[in-house]
Amino acid sequence: MAIVTINSEVERFLAQPKKLYIGGEWVAASSGATFEIENPANKQVFAHCATAVEADIDAAVQAARDAFNGEWSTVQPAQRSLLMNRLAALMEADSDNLAQILTLDNGKTLLHAKGEIAAALGILRYFAGWPSKIEGSTLPVSPRSGAPMFAYTRKEAVGVCALIVPWNFPLSMCLWKLAPALATGCTSVLKPSETTPLAALRLAELFDQAGFPKGVFNVVTGFGDRAGAPLAAHNDVDKIAFTGSTQVGKLIGQAALGNMKKVSLELGGKSPNIIMPDADIVRAAQGAADGIFYNQGQVCTAASRLYVHDSVLDQTLEQLAKHGSGYVVGNGLDSDTTIGPLVSAAQHGIVSNYIAKAVQEGAELICGGQAPAGMDHGHYMQPTVFLDKAEQTCIAREEIFGPVVTVMSWSDTDELIHRANNSDFGLAAGVWTNNLQNAHRIAAQLKAGSVYVNCWNVVDPAAPFGGYKQSGWGREMGKNVIDAYTETKSVFVDLS
């Protein structure tokens with residue numbers, strides 16, 4: 001084992017009391033209460049964070065409103081771009097510290113943590129180019145009066161945004177929302193997951209250093225019922241951006257009705273991944289393994305339903321079992337580790353229960369299915385492969401959010417498409433084939449917001465991301481997301 005030494009700056013950061021970041025100041029929760037942060041690699045508590053309640057939410061929203069109506073409203077687009085690029089530079093310089101914080105907090109490997117930081121930087125820099133490109137248009141109107149009329153539209157910042165993000169990608173999910181909010185001139189209140197709040201607090205330190213006006217970005221740590229719910233329902237919040245479970249997303253949607261907030265929701269998934277008989281099986285199996293075991297399977301787009309043609313089923317299972325057993329499960333700070341622990345005891349229990357139920361329901365366990373021997377000191381789970389030809393088990397239908405893939409066979413393409421689309425979710429889908437006609441035909445038929453051909457989990461700031469059906473409302477990233485953070489105003493000027 002080669003456990004990485006924790007940086008002195010990270011030690012300093014962790015040793016400080018973790019307060020709320022409101023109006024550019026670090027403040028204790030109004031109740032004085034705190035909660036524990038546990039390292040999933042060893043189950044040890046290593047930090048405490050302030051527990052925000054409704055009074056703290058009120059203060060954070062007021063700070064965001066004051067900034068939106070005040071200094072931030074006078075900052076010109078070019079200056080917004082400069083500040084965003086300055087924040088990106090600070091994040092890049094701090095990337096080693098951020099990576100260690102992510103690994104300690106979430107459990108993911110340092111390699112994956114650094115990948116998440118790189119993705120977050122890409123998003124921030126992409127949207128740093130947008131402030132000067134958000135524009136309206138002139139309209140060729142024909143008023144009934146016949147009077148000469150000059151008409152045009154304006155794109156204006158929607159206002160105060162509530163950003164509620166999950167624990168699987170604590171930093172990049174934050175930037176997916178914060179970056180377009182900043183680009184459009186909005187202010188924000190971020191509520192990170194209570195399981196992984198530390199990266200957001202580190203980001204707030206860097207935000208402060210970048211020189212943004214006070215109150216543009218606020219961070220409130222705490223629990224969903226005491227912090228997230230009052231933030232979502234707050235009457236002075238103009239827009240909610242949420243990533244998380246479909247169940248909670250529905251509650252967010254209901255809360256938004258109080259003052260008719262704008263809402264964008266990126267929710268659950270149960271993504272089908274199809275291997276055609278003409279595919280490169282070695283490459284497809286490797287891609288299928290990466291698609292489900294990356295980040296311990298704790299990915300909304302995880303390729304958890306694998307449909308393999310009858311003619312290549314045995315070969316694919318052999319390759320998939322080989323890849324699954326080849327991962328090194330361990331502490332994310334260990335340089336040899338390729339798959340870290342699950343994020344918490346609760347998540348480990350959920351995954352374990354699904355595995356036990358799948359066995360009871362008759363699924364054939366190909367590999368994995370339990371914690372590695374001698375590793376009960378953390379929330380570890382081996383990469384797990386099941387065969388369920390009849391597609392009758394719970395793991396073939398329900399989102400697990402762990403390193404568990406269900407392999408199912410198929411023979412008829414039309415039936416396959418029906419089975420792949422027969423889900424409440426529609427976030428992602430994929431197909432592995434060397435036939436160009438198959439690639440485009442099947443991609444067009446799959447009901448999913450992202451379709452991957454001979455790849456998986458490709459994400460780019462320029463490409464919109466979101467889901468069909470119960471996988472969400474709206475899109476994040478790309479030019480589409482600008483509309484989610486702006487209002488369009490029509491202006492008519494009588495020139496007669």
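**Entry 1: a hairpin**

I began at asparagine 39, whose bridge partner in E4 is glutamine 44. Strand E3 (residues 34-39) and strand E4 (residues 44-50) pair in the antiparallel sense over 6 bridges. I noted that two strands count as paired if DSSP finds at least two bridges between them. Helices (H or I, at least four residues) and strands (E, at least two) are DSSP runs, numbered from the N terminus. The hairpin of E3 and E4 has 4 residues between the strands, and lysine 43 takes a positive phi near 65 degrees there.

I wrote down that the model is predicted: local features need pLDDT of at least 70, and side-chain atom pairs count only at pLDDT 80 or more, while totals for chains, interfaces and linings use all residues. Residues are numbered from 1 along each chain as its sequence is written, and side-chain values use heavy atoms, with hydrogens and water left out.

**Entry 2: the sheet of 7 strands**

I looked up an open sheet of 7 strands and found the order E14-E15-E16-E13-E12-E18-E19, with mixed pairing. Strand E14 (364-367) and strand E19 (450-453) are the edge strands, each pairing on one side only. From one strand to the next the twist averages 25 degrees; axes are lines fitted to C-alpha atoms, for helices over the stretch in contact, and angles run from 0 to 180 degrees between N-to-C directions.

Inside this order I checked strand E13 (residues 305-309) and strand E16 (residues 404-410), which pair in the parallel sense over 5 bridges. Leucine 306 has valine 407 in E16 as its bridge partner. I then found helix H13 (residues 345-360) lying across strand E15 (384-387) and E16, at about 25 degrees to E15. Contact here means heavy atoms within 4.5 Å.

**Entry 3: the sheet of 3 strands**

I found another open sheet, with 3 strands in the order E5-E6-E22 and antiparallel pairing. Its edge strands are strand E5 (138-139) and strand E22 (486-494), each of which pairs on one side only. E5 and strand E6 (residues 149-157) are joined in the antiparallel sense over 2 bridges. Leucine 139 stands opposite alanine 151 in E6.

**Entry 4: cavities**

I counted 4 cavities of 30 Å³ or more. A cavity is a set of points on a 1 Å grid over the protein atoms alone where a 1.4 Å probe fits but cannot get out, and lining residues have an atom within 4 Å of a point. Grid points are joined across faces, edges and corners, and a volume is the space filled by probe spheres set on the points.

The largest cavity holds about 70 Å³. It is lined by 16 residues, and the closest to its centre are Pro272, Phe425, Gly426, Ala428 and Lys447. Helix H14 (413-421), strand E17 (425-426) and strand E18 (428-432) each supply at least two lining residues.

The second largest cavity has about 60 Å³. Of its 13 lining residues, Ala302, Ser304, Glu399, Ile400 and Phe401 are the closest to the centre.

**Entry 5: aromatic pairs**

I counted 12 aromatic pairs, where ring centres of Phe, Tyr and Trp (its six-membered ring) lie within 6.5 Å; planes under 30 degrees apart count as stacked, over 60 as edge-to-face and the rest as tilted. The rings of tryptophan 72 and phenylalanine 212 have centres 5.9 Å apart and planes at 50 degrees, so this pair is tilted. Tryptophan 72 lies in helix H3 (residues 71-74) and phenylalanine 212 in the loop between helix H8 (198-210) and strand E9 (217-219), so the pair ties together parts 140 residues apart in sequence.

Conventions: 1 Å grid on protein atoms, 1.4 Å probe; cavity = no way out; pocket = protein on both sides within 12 Å on 5 of 7 lines; lining within 4 Å.
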